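Good morning, and thank you for coming. Please look at the structure on the screen while I speak.

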Amino acid sequence: MGKLRVCINGYGTIGKRVADAVKLQEDMVVEGVVKTRADYSCELIRERGYPLYAASKESLESFKKANVKVEGLAEDLFKKCDVVVDCTPEGIGAKYKPVYDSIGVKAIFQGGEKHELVEASFVAEVNYEKALNKRFIRVVSCNTTGLSRTIGYLDKSFGVRKVRATIIRRGADPSETKKGPINALVPNPAKFPSHHGPDVQTILPHLEVVTGAVVTPTTLMHVHVVNAELKSDASVEDVVKCFSRSKRIRLIDAAKGLDSTAAIIEYARDLGRKRGDLPEVAVWSDSISVIGREVFYMQAVHQESIVVPENIDAVRAVTGSVVEGGKSVMLTNQSLGLI
Ligand code: NAD
């Protein structure tokens, strides 16, 4: 089998990271990336050797005006690929689906799209097999990925009766200047459940998960305060061991100075991670507490990068090139230098 030909449609926060991650895989090649207009990133795309395609005829004109060379239109690229990783903004992926369908190319959508659009929603360590050989799947949102990873491990190890979680959301990504709030805490929404609980149920459908969310004036990470009721007894040590078995959960200690999202991002930079990313969900081991059969813990999610390894595994799953999820997770982690 030759290398999997992958293209990335939408070159923003997620798309540019997915493209760089695909480039690092021995079994994949970046066949091209799709952009709507010329900006500083075209030069970086050229330097990285990614063929550039225009999203539409109008975008083609804007590239021509800016004197930026493009290889053709998005549809020309989709026809050459095994898989499109759709990293366009919320709702745009759904508009592209008929195009992918008519060309006959497989597509991986992101968390901004609805579960109903696809055959399966995906978190690699929880339900890899559900995505095997499917045409259309969705890598769930950053919050859903973080929650599903840890709840999924608790469920595998002890059985989970129910989950209650509070999500303290970042207001915007660091590069976004038009979003807020800048001086308020905003219930998001001011009712229960927030959409995250039902979204986790697209991955773990047998669990009762209720979430509430508040948006905060910060750009670095989300924080989750989680309470899970288990079906069997577990000590704090058992829970620590359970999370340690995951290849995408990183246990950190507030007592050692990793006591805030700012400290965690500084740590990711110190680790030498590209862009200072931390695709693992970071669980504060000091926060893990057990009262009866209830487990409490706090975790932090780097929203810009947590879904990047999942997209790489998703490419292997939909093409069926690797049938065992654990093997794909290992290949992806090794290539990205995770844990
Ligand atoms: P983004 O706005 O940073 O990037 C989207 C890119 O797509 C932009 O470069 C935009 O110009 C381009 N685009 C817009 N219309 C297009 C079109 N018609 N064709 C091709 N490209 C087009 O968005 P993002 O944050 O990377 O989010 C992408 C998806 O990932 C969304 O579904 C989002 O919900 C999901 N997601 C985002 C985050 C996050 O924190 N940023 C985390 C997890 C999942």
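Predicted model: local features only at pLDDT ≥ 70, side-chain atom pairs only at ≥ 80, totals over all residues.

Let me begin with the helices. Two packed helices are described by the angle between their axes and the distance between the axes. Here, helix α7, covering residues 142–158, packs against helix α9, covering residues 236–244. The angle is about 115°, and the axes lie 9 Å apart. The crossing of α7 past α9 is right-handed.

Which residues make the contact between α7 and α9? On the α7 side they are T150, Y153, L154, S157 and F158, and on the α9 side D238, V239, C242 and F243.

I turn now to charged side chains. Side chains of opposite charge can pair when their charged atoms come close. The structure contains 27 salt bridges, and I shall present some of them.

Consider R17 and D277, whose side chains form a salt bridge with an N to O distance of 2.9 Å. R17 belongs to helix α1, residues 13–23, whereas D277 sits in the loop between α10 (261–270) and β13 (281–284), so this pair ties together parts that are 260 residues apart in sequence. Are these two residues buried or exposed? R17 has a relative accessible area of 7% and is therefore buried, since buried means under 20%. D277, with a relative accessible area of 8%, is buried by that cut-off as well.

The side chain of E229 meets that of R161 in a salt bridge of 3.5 Å, N to O. R161 is in strand β8 (residues 160–170) and E229 in strand β11 (residues 222–230), 68 residues apart, and the pair thus links distant parts of the chain. E229 also forms a salt bridge with K162, where the closest N and O atoms are 3.8 Å apart. K162 lies in strand β8 and E229 in strand β11, so this pair ties together parts that are 67 residues apart in sequence.

How accessible are these residues? R161 is partly exposed at 45% relative accessibility, K162 is partly exposed at 30%, and E229 is partly exposed with a relative accessible area of 23%.

Finally, salt bridges can be followed through a network. One such network links D27, R149, R248, E310, D313 and R316.

Thank you for your attention.

Terms used:
Residues numbered from 1 in each chain as written. Heavy atoms only, no water. Axes fitted to C-alpha atoms, helices over the stretch in contact; angles between N-to-C directions. Helix = DSSP H or I, 4+ residues; strand = E, 2+ residues; numbered from the N terminus. Left-handed = near helix turned anticlockwise from the far one by under 90°. Contact = heavy atoms within 4.5 Å. Salt bridge = Lys/Arg side-chain N within 4 Å of Asp/Glu carboxyl O. Buried < 20%, exposed > 50% of the residue type's maximum accessible area, 1.4 Å probe, protein only.
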